[in-house]
Structure formats: structure tokens, C-alpha cells
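User: I would like to learn how to read a predicted model feature by feature. Where do we start?

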Amino acid sequence: MAAEEAASGAAHHGGGLAIDPMHQFRVETIFPIHFGNIDASFTNASLWMLIAAGLVTLLTIVGMGSRSLVPGRLQSVAELSYEFVSNMLRDNVGDAGKRFFPFVFTLFMFVLFCNMLGMMPYSFTVTSHIIVTFALASFIFIAVTILGFAVHGLHFFHFFVPKGVPVALLPLLVVIEVISYLTRPISLSVRLFANMMAGHTMLKVFAGFVIAMGWFGGFLPLAFMVAFTGLEILVAFLQAYVFAILTCIYLNDALHMH
Amino acid sequence: MPQLAFETFIPQLIWLAISFIALYLVMSRIALPRIGSVIEGRAARIASDLDEAAASKRRTDEAVAAYEKALAEARAKAHGIAQQTRDLLTAETDRQRHEIEAKLAEKIAAAEASIRKTKEAALANVRNVAIDVAGAIVTQLLGEDADKAATERAVDTALKQV
Amino acid sequence: MGVAFRLSTELVAGIFVGGAIGLGLDTWLGTKPLFLLIFFFLGVAAGILNVFRTAKQMTAEAERNAGNGKPGA
């Protein structure tokens with residue numbers, strides 16, 4: 001498989017580095033599915049989304065299988081994630097956020113597992129694609145905005161009106177506030193996507209150095225790669241956490257409008 | 001950049017929606033209520049165990065208090081019995097002592113009475129003997145019988161001077 | 001790296017949204033560079049506002065973490 005990758009990388013790149021660092025992000029169709037004009041082909045991205053969803057299900061259902069009073073290993077992990085997200089939601093939104101717990105939990109676990117699975121060699125990182133992160137972030141943004149209007153009605157527009165500002169400046173500041181509000185889905189999705197992509201690209205670039213520098217020179221980039229892989233695992237967790245906590249903060253804004 | 005391959009967007013979005021919604025349904029319908037109930041069950045169990053422990057502690061404290069009270073009562077009772085016994089014994093001893101003393105006093109009185117009687121008898125005898133002796137001495141010295149009445153008077157006078 | 005990246009994302013996102021709105025208005029109203037220029041600067045302002053807010057929030061988070069030693073909670 002490494003040979004395959006190297007070969008296709010070389011073909012794509014036209015020589016130079018043995019490995020194309022962007023090759024890992026390519027979406028490849030496993031089997032094509034079409035509904036009329038709509039392409040719903042099952043790709044490697046689809047595969048890893050299903051694997052992530054499947055593993056989360058496995059952890060939370062099979063892990064909790066015994067439902068014992070004194071938890072085993074898997075059960076501890078499942079309970080720990082439950083309480084982690086539950087605390088996050090309570091700290092940032094309060095009791096009003098309880099309704100959204102299943103959503104935030106699903107979001108956090110899905111993103112976390114997609115990020116973590118991406119750390120495996122030969123896997124595909126679902127969250128390294130802007131379209132995926134942007135879809136998640138847009139959904140959150142639209143849902144939260146609708147929620148804000150549902151809870152506060154037209155009063156929600158006050159969210160865009162800063163307090164204690166001269167009336168003359170108000171129209172300008174309201175426009176700026178609206179633009180600032182509209183950047184939320186972009187910064188949310190770009191942050192996750194860029195972190196995932198940058199880390200993985202770096203790893204592949206250094207992997208290319210290991211091969212290019214051969215048996216003697218390759219140890220330095222290899223050592224760097226080992227350290228960087230550890231860092232990347234941390235980043236994978238941190239980005240899932242940031243994604244979830246920002247969702248909580250947006251929820252809080254919509255519910256409580258400080 | 002493969003991220004900008006637009007033809008892959010639609011299938012990615014479709015499968016994202018499928019997997020995310022499926023996961024959401026499984027989590028919200030099955031997994032999370034289950035984990036929640038286990039955690040709540042454990043919290044309830046711990047709370048009830050703590051309550052039970054507190055109740056046991058209270059019962060122990062009560063038992064200790066009851067024991068100490070019983071001990072104090074027993075001690076007081078023992079003290080009372082000892083006191084009572086001591087009083088009883090003292091009273092009995094006193095009574096016996098009084099009895100003996102009374103008896104002794106009686107005996108002393110009887111002895112004193114008999115001594116006095118003997119003494120009186122002896123004194124009476126001494127008078128008679130003195131009268132007889134005095135009569136006899138007078139008879140011997142004068143050669144005639146002494147006047148009995150005069151002798152008796154003389155002896156009485158002499159006895160009063162003793 | 002994380003901090004700088006997070007802040008620059010906020011700024012770029014603001015400019016991006018401002019530019020997109022300006023471009024949209026221009027194509028709609030046929031006033032080619034006018035709204036693009038206006039909203040570009042508004043976008044920069046919104047971006048700076050976002051950077052400011054994010055920085056404040058990050059400081060608060062850091063202080064909270066230093067306070068109770070709990071990761072981000």
C-alpha cells in the first residue's frame with residue numbers, strides 16, 4: 001500500500017518528493033450511487049464517517065452493556081465522556097442547555113472520533129475537509145439563530161445593538177456586529193479544518209523527508225514526527241473540544257442574550 | 001487541493017447527514033438515556049449508602065449512650081445497695097450494742113443493789129454485835145446487866161461518828 | 001501556534017464575510033467596486049472586533065484554568 005501511495009504520489013507530483021502530502025485528503029469513490037442527477041457515491045469519506053459513528057455507538061452501547069455499578073474500562077470511558085460534555089454544557093449554558101445535550105454530545109464525539117481516526121495510518125480524516133466542517137458549523141449557526149428568534153422573538157435583534165454607544169455610530173456598529181455574527185460559522189469551520197489539514201500535511205511532509213534522507217539522515221525528521229504525532233493527538237482532542245464548547249457558547253448567546 | 005474538488009461535496013454532505021443523523025438518533029434514543037440512568041443509579045446508590053451509614057452511626061451512638069446510661073444506673077444502684085446494707089448493719093450493731101449495754105446496766109444495778117443490801121445487812125449486824133459486845137463488856141466491867149436501851153443509844157451515837 | 005492561528009482565522013473570516021457581502025451587493029445593484037470597498041473595511045472592523053473578543057475570552061479561559069486546574073471546564 002505504501003508503494004501504491006508513493007507511486008501515485010510521484011505520478012501526481014511529477015517526481016520530486018516520493019510522497020504527495022495532499023494525496024491523503026483525496027476523496028475516492030468506493031462504489032458509485034446515483035439518485036437521478038444527485039451523486040451520493042459511497043467514498044472513503046463516507047466510510048470513515050460511518051466508522052466514526054459506529055465506534056461512538058460501540059463505545060456508548062456495547063461499553064455500557066453491563067451497566068454495572070462499578071464500571072469497567074469501556075464503561076468508564078463512556079461515562080467520562082458523558083459527564084465531560086454534560087459539565088461543559090452546564091458550565092457554559094446552564095440548566096436551559098439540557099435539551100441540547102444529545103446534540104452537543106453527538107457533535108463532540110463525532111468530531112473527536114473523526115479527528116482521532118485520522119491519526120491512524122492509511123485512514124482518511126473526515127474533518128480535514130472544509131465542506132464537512134462548514135456543513136456542521138452552518139447547521140449549528142442556522143439552528144442557533146433560529147433558536148434565538150424562537151426564544152426571544154424580534155427582541156433577538158437587540159443582540160446586534162451594542163449598549164452605551166452614541167446614536168450616530170449605531171448603524172455602523174450594528175452592521176459590524178452583524179458581520180461579526182456571520183463570521184461565526186466560518187471561523188468555527190475553518191479552525192477545525194485548518195488544524196486537521198495542517199497537522200496531517202506536516203506529518204506527510206516530514207514522512208517524505210524521512211524517506212528522502214534515507215537510512216542515516218532520516219532519524220531526525222522521524223524523531224520530529226514521533227513528537228509531532230503526540231502533539232497532533234492533543235490537537236485532535238482540543239479541536240473537538242473547542243468545536244463543542246463554541247457550540248455551547250453560541251447556544252448560551254441564543255438562550256440568554258447577555 | 002482535494003478539499004476544493006467540488007464534485008466530491010455533494011456525496012460528502014449526503015453521507016455526513018446520514019451518519020450524523022443516525023448517530024444522533026442512536027445517542028438520543030438509546031445510548032445517552034442508558035448512561036444517564038446508570039450514573040443516576042450510582043449517585044442514588046451512593047447517597048442511600050451514605051444515609052445508611054449515617055443511620056448506622058446514629059444507632060451505634062444511641063447504643064453507646066444507652067450502655068453508658070445503664071452503666072451509670074447500675075453504678076448508682078450498687079452504690080445505693082451498699083449504702084443501704086451499711087445503714088442496716090450499723091443499725092443492727094447499734095441495736096445490739098444498746099441491748100448489751102442495757103443488760104450490763106441492769107446487771108450493774110442488780111449488783112449494786114445486792115452490794116448495798118449486803119452492806120446494810122452487815123451494818124445492821126455490826127450494830128447488833130456492837131450492842132451485844134457493848135452489853136457484854138458493861139456486864140463484865142460493872143458486874144450487872146447493862147441497860148439495853150442506853151447501850152443501843154450509845155452504839156448508835158458511836159456508829160454515827162464512824 | 002494555536003493562539004496566533006485562532007486570532008488570524010477570526011480576522012480573515014471577518015474580511016471574508018465583509019468582502020462576500022460587498023461583492024453580493026455590487027452584483028445585485030451593479031455598483032461594482034463601491035460596496036466591496038465599504039464592506040471590506042467593515043469586514044476588517046468586524047474581524048478586529050472578533051479578534052478582540054476571542055483574545056478576551058481566551059484570557060478568561062486561561063485564568064479559569066489556572067484557577068481550578070480543570071481543563072477548560
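User: Which conventions apply here?
Analyst: This is a predicted model: local features need pLDDT of at least 70, side-chain atom pairs count only at pLDDT 80 or more, and totals for chains, interfaces and linings use all residues. Residues are numbered from 1 along each chain as its sequence is written, chains are lettered from A and ligands numbered from 1 in the order in which they are written, and side-chain values use heavy atoms, with hydrogens and water left out.

User: How many helices and strands are there in chain A?
Analyst: Start with the definition: helices (H or I, at least four residues) and strands (E, at least two) are DSSP runs, numbered from the N terminus. Chain A has seven helices and four strands. Along the sequence their pattern is α-β-β-β-β-α-α-α-α-α-α. The C-alpha atoms of chain A fill a box of roughly 65 × 55 × 50 Å along the principal axes.

User: What share of the residues in chain A is buried?
Analyst: Buried means under 20% relative accessible area, exposed means over 50%, and partly exposed lies in between (1.4 Å probe, protein chains only). In chain A, 50% of the 258 residues are buried. Accessible areas come from the Shrake-Rupley method with a 1.4 Å probe; for residues, only the protein chains shown count as cover. The accessible surface of chain A is about 12100 Å², and 74% of that surface belongs to carbon and sulfur atoms.

User: How do I read the contacts in chain A?
Analyst: A contact means heavy atoms within 4.5 Å. Take the contacts in chain A with a separation of 6 or more: residues 24 or more positions apart account for 67% of them.

User: What about the charges of chain A?
Analyst: Lys and Arg count as positive, Asp and Glu as negative; His and the chain ends are not counted. Each charge is placed at NZ of Lys, CZ of Arg, CG of Asp or CD of Glu. Chain A has 10 positive and 12 negative side chains. The centres of the two sets lie 9 Å apart.

User: Which chains have the most contacts between them?
Analyst: Two pairs of chains touch, and the pair of chains A and B has the most contacts. No contact joins chain B and chain C; their closest C-alpha atoms lie 17 Å apart.

User: How is a packed helix pair described?
Analyst: Two packed helices are described by the angle between their axes and the distance between the axes. Axes are lines fitted to C-alpha atoms, for helices over the stretch in contact, and angles run from 0 to 180 degrees between N-to-C directions. Here the axes of H3 (residues 73–92) and H7 (residues 219–256) of chain A come within 9 Å and cross at roughly 35 degrees. Residues making the contact include A:Phe84 and A:Met88 of H3(A), and A:Phe237 and A:Tyr241 of H7(A).

User: Is A:Ala52 buried or exposed?
Analyst: A:Ala52 counts as buried because its relative accessibility is 0%. A:Ala52 is in helix H2 (residues 44–62) of chain A. Leaving out residues up to four places away in sequence, A:Ala52 touches A:Phe110, A:Phe113, A:Cys114 and A:Leu117.

User: And where is B:Glu92?
Analyst: B:Glu92 is in helix H1 (residues 9–142) of chain B. At 34% relative accessibility, B:Glu92 is partly exposed. B:Glu92 and B:Ala31 are 61 residues apart in sequence and 90 Å apart in space, C-alpha to C-alpha.
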